[in-house]
Amino acid sequence: MSEKLLNLNQGTLYPALVRLEQYGWIAGEWGRTENNREAKFYAMTKAGVKALGEETARWRQKMGLVERPLNEEFQV
Amino acid sequence: MKSIRRMMRQVRAMFGGERADAEMERELAAHLLLLEDEMMRKGATPDEARRLARIKLGGVEQVRIMHREERGLPFVESLAADVRSGWRQLMKRKVTTAAAVLSLGLAMGSCVAAFRLVDALFLRPLPIAHAERLYVLSRQVIDQTGAPHDSGFWAYPDFVRMRDVSKKDADLIAVSFTERDDLTYKTDEEMEKAYVQYVSGWMFSSFGLQPTLGRLLTQEDDRTPGAYPYSVISYDYWSRRFGQDPKVIGRTFHLGEQVFEIVGVGPKEFTGIEPGTATEIFLPTMMHRWVTREDASWHRTLALVAPGTAMEPLRAKLDAVSRGFETERSKGWTGMPPQQIAMILAAKLLMEPATAGVSALQGDYRHAMAWLGVLVFLVLLIACGNVANLMTALAASRAREMALRVAIGAGRLRLMQMVMVESAMLGLMAAGLASVFAWWAAPMVVRLISPASNPARLALPADVRVLMVGLLLILAVILLLGLAPALRASAMQPTMALKGGEEPQDKRRSMYALVAAQTAFCFLVLFLAGLFAVTFHRLLSQPMGFEAKGLLLLETQSPHGQTPEAWAQMGEQLRAMPGVTDVAESGWPLLSTGSWNGSISVNGGPPSMTLGYFLTVSPGWIDTMKMRLLEGRAIAATDTFPGEAVVNERFVKDFFQGQDPLGKTFEKTGGGAQKLLCRVVGVVADTPYRYLREEMLPATFVPYREVDDKGIVGKESDGTFLVRTTASDPMAMAAEMRRKVAAAGAGFRVSNVETQQELIDNQTLQERLLAMLGAFFAGVALLLAAVGLYGVLHYSVMQREREIGVRIALGATAGNIAQIVSAWVFAMVLLGAAIGLTLSLASERFVASLLYGVKGTEMSMMTLPAVVLLLAVALAAAPAVMRAIRIDPAMMLRSE
């Protein structure tokens, strides 16, 4: 979690987790931490990996669209 | 893809709520523990760690709520919760709910049933190509009193001329009136009935119809009179009579003197062009016995107008041709008064749209159905007002609950949704009841309006049209019912309601206004129902002049004709049967709508404008009918026509100016040059001749022994035996009589059996329908209005309990309290009744044509609804008033 830039309560993560799980992109599994505490471990599913690839690509494309004019403007 | 998967899981999550909650709790607990561990690793004390962990996570309760909302479908869940709570609310007040559902259901069901009838009879387009371009031709004659008379009957030679001049603009089609005829596939002993219609051969191709089997009639089957013994049967008839046997093609049947071959089966949906009658056998017009006759008008003329044709020039062209035809023909009319000829020639040709087909049933019931629709709609309005009032009262009794909901943060929309859901549930339950009612009621009305011996066959499919009307109705009702209470609930001021303050007065005012409206509608319904009931009663209780009880009628045919003696002998054989007291014979029964008329000329004077009506009867007919002979004697066995005649009182009044007619003579003149001289030998009391509802006609009963100008006695091929029986149900003897006539071997056969009472009943079908449904709706309307009133009063007493308690404590008497509680309502009822009376008087003009022997302005017709209404109001008001009087101030004030 990038705590420096974005300071959110950890609880706000839950709705996102629910949604991702419902999309079938992640799957949770109960397990034990190294301190032998009970915890739920979320891992990406195959569909999740694929979706991440697609979403990343889309994000880059979008960013590129925004970035290009910005760069051009400031490089004059 | 991903959203579909998510939706499925959301739906699933709605049902596994508890397990998912447990899982979430476990996850949150684990998360907190991990955070605490982390804090302790960073050096916090256990207490501090617990606090810091919770800060880090954020509000646990918020997380829980967010988790739940994300997991399921919050809108659906709140809806489901509303449905559950709505159901609980409705069930908590079972009686109110039942009353609301019942009244709404009946009203909505009646509406849909009425729509089904109107749709089937007047709106549904015929299942043919270009039904929207189909017109029907008729002629309108204005009689000497200025009243219009429409005739849809045409003579075929006239039709041919009209068809020739309009070929470019329209396709003219001749279609006979569907008749229920006798025919046989085997021998004469096994006659059966079928609905037969003669149609132009090209009708099928013009209508774009395709055969189910074999071929349809074509233009080639309709060129020369009598040359095409072919028939097409309907799909329905094929299914019922032949079990869809494909070998039906080529089978033959006898109809009258002709043998027809079945060449094809029509398309499934097409049952002819008359809503109310399903034609079973189609024959070419060229096979009709009158196809060459200029003086016989026997078929309808339809016109399939070409697209883009101007109607008026076409109409004018047809009008001119038809008038030319009649003018030529009128040269042969010698026995008719010139004014009458002029009147006939002045007839105007009319073209009216026939998209939904044309039938006698349409004409007969257009007016009645419209009024039925009005009654139904009024009842629906009353029911809606009623339920709206009940809902308002209920909402008021839940004011505190609503206030509490608002106080703990329920939004306006959320409250509206809650109340609307409740209304919708009520509406849907009512709709369920309504569909059952409509499904049952529409066919029942069809049975009511059609005689048992000749049932109307009206297709009443529960299809998309009916469904749409039903849905619109439900939607309208729900909006009407739910919106006002929902808005009111959402505008709740919590402080006001929780303090227990008085409701603002205007809320009660709107309820009072609804009471007035309900009363007005109820009055109108009662008024109309009363008129219809009295009409029916007066029609049935008018003096008939003969006795219908125990009179069985055998319509009998003798294909090759029989002498009067042979008819008399057959009658004697019937008389010998047990249970039979008397037998006579006449051309047709009275009130069978059969008619034979002519102008009357007395003492060689000019032929009369008004017509005299004739009927051939056997000697003894007057006795068998138990008619009253006023003067002279009855017909004797040796009397002939022309020769002797018995006339009725009206005839004496119209043609002999009321003077003693015995021994005097008159001539029957008419279409031909022939004048038939009759001497009056007797006078009988008036009886209805053709229709029960028309005024008494001047009638003459002449001997069935008819002689031509050479004095030779003619043979009769049609007649009706009137059998007077002692049986309580004469119809029970029908089969035996049929056998007897067939076994006599004299060439007679019975084609139809009915009772005189049936004929009378058949003529009161419309009045009976209106009277019965009117009474039904009056009952429903009264019940609804009473329930509504009870609800409103009950509510207003509940609202004012405290005030009334205080008044009683301060010494108000029971009379004072009753007055305080009910004065407003009675004022509203009186106001409503006054409005209702005005509406009634305004509507009276429009129903007049449906009435018989009664006027809406009669005092009793107006006082009766008022009295009934006031009684109902008093009855409905009593419980609430009693409750108010019995309020115990001590109890009341202590409970506060």
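**View 1. Helices H23 and H26 of chain B, packed together in a predicted model.** Here we zoom in on H23(B), residues 765-799, and H26(B), residues 859-885. The cut-off for roughly parallel is under 35 degrees, so H23(B) runs roughly parallel to H26(B). As for handedness, the crossing of H23(B) and H26(B) is right-handed.

**View 2. The residues where H23(B) and H26(B) meet.** On the H23(B) side, look for B:Leu782, B:Ala785, B:Ala786, B:Leu789, B:Tyr790, B:Leu793, B:His794 and B:Val797. H26(B) answers with a set including B:Val868, B:Ala872, B:Val873, B:Leu875, B:Pro879 and B:Arg883. Sorted by class, the contact of these two helices has 16 nonpolar residues, 1 polar and 1 charged.

**View 3. Where chain B touches chain A.** Chain B puts 20 residues into this contact and chain A puts in 17. H4(B) gives the most, with 6 residues. The class tally for the chain B side is 9 charged, 6 nonpolar and 5 polar residues.

**View 4. Chain A on its own, an α-β-β-α chain.** Follow the sequence and you pass through that pattern, built from 2 helices and 2 strands. Chain A has 76 residues, and 8% of them count as buried. Take the contacts in chain A between residues at least 6 apart in sequence: 7% of those join residues at least 24 apart.

Terms used: Residues are numbered from 1 along each chain as its sequence is written. Chains are lettered from A and ligands numbered from 1 in the order in which they are written. This is a predicted model: local features need pLDDT of at least 70, side-chain atom pairs count only at pLDDT 80 or more; totals for chains, interfaces and linings use all residues. Axes are lines fitted to C-alpha atoms, for helices over the stretch in contact, and angles run from 0 to 180 degrees between N-to-C directions. Helices (H or I, at least four residues) and strands (E, at least two) are DSSP runs, numbered from the N terminus. Angles under 35 degrees count as roughly parallel, over 145 as roughly antiparallel, 65 to 115 as roughly perpendicular and the rest as oblique. A crossing is left-handed if the near helix is turned anticlockwise from the far one by less than a right angle, and right-handed if clockwise. Two residues are in contact if their C-beta atoms, placed from the backbone, lie within 7 Å. Ala, Val, Leu, Ile, Met, Phe, Trp, Tyr, Cys and Pro count as nonpolar, Asp, Glu, Lys and Arg as charged, and the others, Gly among them, as polar. A residue is buried if 20 or more other C-beta atoms lie within 10 Å of its own, exposed if 12 or fewer, and partly exposed in between; C-beta atoms are placed from the backbone.
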